[in-house]
Amino acid sequence: MTTVKAYGAKSAVTPIESLSIERRDPKPHDVEMEILYCGVCHSDLHTARNEWGGTIYPVVPGHEIVGRVTRVGDHVKRYKPGDLAAIGCMVDSCRECENCKEGLEQYCSSGMVGTYNGRERDGSGITYGGYSKMIVAHEDFVLRISDKLPLEGVAPLLCAGITTYSPLRHWEVGKGHKVGILGLGGLGHMGVKFASSFGADVTMLSHSPSKEADAKRLGAHHFLLTSDKAQMSKARNSFDFILNTVSAPHDYNTYLGLLKTNGTMVCVGAPSVPAEVPAFNLIFQRRSFAGSLIGGIPETQEMLDYCADNGITSDVEVIDIKDINESYERMLKGDVRYRFVIDMATLK
Ligand code: NAP
Ligand code: ZN
Ligand code: ZN
């Protein structure tokens, strides 16, 4: 065991603070990594504050992790000390169920093990995430990253990237599709980049007028201010696909109405309160209302390789770990352009 410096929450109502955790020594298939950067996802905030229930304290959030390999177990062939590597939202799954065999570990029938707030499958304890100096994980859940891209911009690909890439690929979004990306935050800005890179006609659906210029710079062709009734009513029945990344409670029906016949709205945003959707909003126009969870390991590697080939990274504001609580407050106000990433060298 190694004692490792970390930052985490000791309860739902206390700030993220300095603490220490224990990491196991690498087992034969384990990779140990020094963490260089860790992105700050809105899920970190939901979990730290127990907004979804089920948080086990202390919790060390962080699942957008890039770093350098420091040690590997005897059986590890694909990584060696000194390599760059990454870990996303999962560190284990059963490997045997139908979904795991298909590379859809996020939908493992016995439940994947989250990078934080997860229970290790061997009963050895709770998982701790990337707001820490070092992490150990099974090589099957470690990803390769390019040394050509800025590492701080790569970190958010591990959650914000794959969570938007996966549904856009699954629903085969591309040329000829009119696509709306709802909410311009961490997930939303990656959604805009991918959807435009796949050739779709992309509209940013945002309730923040100040984000219009950025949305267009990120690749959106149009900007629709969702608080403007006239713009919203003009856009009714016009979208093939909407990717909903909103983190706060909101009325889904407002946006379902923007879908045309056979259109689909996929929720990746996960507000803590249930949605109320009258069946009529789906029945008329034969609309679909769907969800999507991160992405499997093979698809995450595919996405990282796609980003390396196409020069895609996240737009980030690098922060000192001491500013993590202020970053949470800014994220709640929508004041993030467009992902906070912790420089782990500031964790001393
Ligand atoms: P974020 O950076 O805070 O972005 C959320 C965006 O939602 C904001 O920038 C804002 O965009 C919009 N928004 C916020 N409050 C709103 C409101 N009251 N009404 C309308 N729009 C509002 O968060 P994130 O890190 O992208 O995460 C977004 C959500 O996805 C979170 O709930 C997170 O837990 C979830 N998530 C899910 C998965 C998954 O696998 N499904 C993975 C990662 C994260 P505008 O200012 O442009 O309106
Ligand atoms: Zn996340
Ligand atoms: Zn499984």
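The following conversation goes through local features of a predicted model.

Trainee: What should I know before we start?
Mentor: This is a predicted model, in which local features need pLDDT of at least 70 and side-chain atom pairs count only at pLDDT 80 or more, while totals for chains, interfaces and linings use all residues. Residues are numbered from 1 along each chain as its sequence is written, chains are lettered from A and ligands numbered from 1 in the order in which they are written, and side-chain values use heavy atoms, with hydrogens and water left out.

Trainee: Which residues coordinate the zinc ion (ligand 3)?
Mentor: The SG atoms of Cys94, Cys97, Cys100 and Cys108 do, at 2.3 to 2.4 Å. Donors are N, O and S atoms within 2.8 Å of the metal (3.2 Å for Na, K and Ca), and since water is not among the atoms, sites may look incomplete. Along the chain, the spacing of these donors is C-x2-C-x2-C-x7-C.

Trainee: Why is the arrangement around that zinc ion tetrahedral?
Mentor: Because the four donor atoms subtend angles of 103 to 120 degrees at the zinc ion (ligand 3); four donors count as tetrahedral if all angles lie between 85 and 135 degrees.

Trainee: Are Cys97 and Cys100 buried or exposed?
Mentor: Both Cys97 and Cys100 are buried. Buried means under 20% relative accessible area, exposed over 50%, and partly exposed in between (1.4 Å probe, protein chains only).

Trainee: New topic: at what angle do helices H4 and H10 pack?
Mentor: H4 (residues 160–170) and H10 (residues 297–310) pack at about 100 degrees, with axes 10 Å apart. H4 is therefore roughly perpendicular to H10, a label for angles of 65 to 115 degrees. Axes are lines fitted to C-alpha atoms, for helices over the stretch in contact, and angles run from 0 to 180 degrees between N-to-C directions. Helices (H or I, at least four residues) and strands (E, at least two) are DSSP runs, numbered from the N terminus.

Trainee: Which residues of H4 make the contact?
Mentor: Gly161, Ile162, Tyr165, Ser166 and Arg169 of H4 do, meeting Glu299, Thr300, Glu302, Met303 and Tyr306 of H10; contact means heavy atoms within 4.5 Å.

Trainee: What about the phi of Ile294?
Mentor: Ile294 is not a glycine, yet has a positive phi of about 25 degrees. Ile294 counts as buried because its relative accessibility is 8%.

Note on methods:
Four donors count as tetrahedral if all angles lie between 85 and 135 degrees; four count as square planar and six as octahedral if opposite donors are over 155 degrees apart and all others between 65 and 115; anything else is irregular. Angles under 35 degrees count as roughly parallel, over 145 as roughly antiparallel, 65 to 115 as roughly perpendicular and the rest as oblique.
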